[in-house]
Amino acid sequence: MTELSFHRGRRLRRTPALRDMVRETSLSSADLIMPYFVVDTADENFRQPIASMPGQYQLSLAELEKEIGAAVGTGLRAVLLFGIPAEKDPVGSGAYAKNGIVQRATRMIKKNWPDLIVVTDLCLCEYTSHGHCGIIADGDRTGHVLNDPTLDLLAKTAVSQAEAGADVIAPSDMMDGRVLAIRTALDKAGFEEIPVMSYAVKYASAYYGPFRDAAESAPHFGDRRTYQMDPGNVQEALREMQADIEEGADMFIVKPAGPYQDVIRLMHDSFDVPLVSYQVSGEYSLICAAAENGWIDRKAVIMESLIGLKRSGSKMIITYFAAEALREGWIR
């Protein structure tokens with residue numbers, strides 16, 4: 001027997017069973033939300049690969065039904081819907097149309113899987129002809145969104161999505177006061193029990209590039225830096241979170257996720273609210289590309305990235321890896 005006395009941490013790492021027993025952070029199917037892109041098209045077999053997001057697709061309503069059916073069979077419990085309309089206009093009217101693509105997709109999902117949680121992304125950028133997240137003044141080429149007039153359209157969209165059966169409304173536009181406008185409209189329409197999952201802390205990030213291909217939502221001029229947050233700011237995130245809490249949001253997204261784990265931890269330590277991290281398209285594509293080139297172990301890096309987000313303080317994770325992780329049995 002050695003006479004040395006020191007901490008033997010390896011005792012609890014000796015076998016997989018011991019490591020599992022003492023693991024501090026774990027993942028389950030309840031933690032994951034899978035995003036889908038549904039397209040308003042007459043082609044029921046439409047299934048368009050997204051070149052910059054390998055393994056992800058733009059889907060017709062019929063193909064979305066197949067995709068979700070397979071994922072539910074492996075344990076998927078929540079989805080996030082993004083819609084791509086057949087036509088776009090300056091005010092994004094497809095977002096709040098009664099028979100809009102997200103509204104139809106929501107009704108289809110709730111009919112087939114009543115217990116599956118449907119989160120509807122609430123923004124106008126996929127629906128506007130200029131690609132911005134709200135109303136642009138005639139002749140404006142800077143990308144400056146008119147804040148208050150946009151609130152009316154966001155509120156209208158929220159009610160339309162709730163009427164279609166959405167379980168959670170997730171505004172991603174970053175307009176000032178949008179949570180209050182949406183909460184007020186939902187309550188007035190009789191949807192007091194529908195929660196709002198606010199994109200409370202959304203940075204103007206270069207990691208969104210592949211998503212803009214997927215959702216066909218790139219701005220045609222200007223950029224979104226007048227309404228999305230500067231990546232260098234943290235105190236601003238505290239103010240945005242506090243504002244959305246006061247306006248009545250129920251859950252709160254930090255986006256992107258991986259490069260902003262310090263922000264996730266700060267929000268977790270500062271506010272006793274359910275936090276959601278969004279592992280965005282660029283994060284997904286980087287992992288896919290590195291794995292395709294044999295530079296990393298795909299499964300190992302996916303799982304490490306997800307456990308890192310949970311460890312940082314995320315209650316839930318929006319990730320394009322959700323369906324894969326469940327299908328492969330990596331998470332149950």
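## Glutamine 56

Glutamine 56 is buried, at 9% relative accessible area (buried means under 20%, with a 1.4 Å probe and protein chains only). This is a predicted model, where local features need pLDDT of at least 70, side-chain atom pairs count only at pLDDT 80 or more, and totals for chains, interfaces and linings use all residues. Residues are numbered from 1 along each chain as its sequence is written, and side-chain values use heavy atoms, with hydrogens and water left out.

You'll find glutamine 56 in the loop between strand S2 (47-49) and strand S3 (57-59); strands are DSSP runs of E, at least two residues, numbered from the N terminus. A polar atom of the glutamine 56 side chain sits 3.3 Å from the backbone oxygen of tyrosine 320. Setting aside residues up to four places away in sequence, glutamine 56 touches Met34, Gln48, Pro49, Ile50, Tyr284 and Tyr320 (contact means heavy atoms within 4.5 Å).

## The cysteines

Over to the annotation: an unreviewed UniProt entry puts a "binding site" at Cys123, Cys125 and Cys133, though such annotations may be inferred rather than shown by experiment.

Cysteine 123 is in the loop between strand S5 (117-122) and strand S6 (135-136), and it counts as buried because its relative accessibility is 3%. Beyond four places in sequence, cysteine 123 touches Ala95, Cys133, Ser172 and Asp173.

Cysteine 125 is also in the loop between S5 and S6. With a relative accessible area of 6%, cysteine 125 is buried. Leaving out neighbours within four places, cysteine 125 contacts Gly131, His132, Cys133, Ser217 and Arg224.

Technical notes:
Helices (H or I, at least four residues) and strands (E, at least two) are DSSP runs, numbered from the N terminus. Buried means under 20% relative accessible area, exposed over 50%, partly exposed in between (1.4 Å probe, protein chains only). A polar contact is a pair of N or O atoms within 3.5 Å; within protein, one must be able to donate a hydrogen and the other to accept it, and residues adjacent in sequence count only if both atoms are side-chain atoms.
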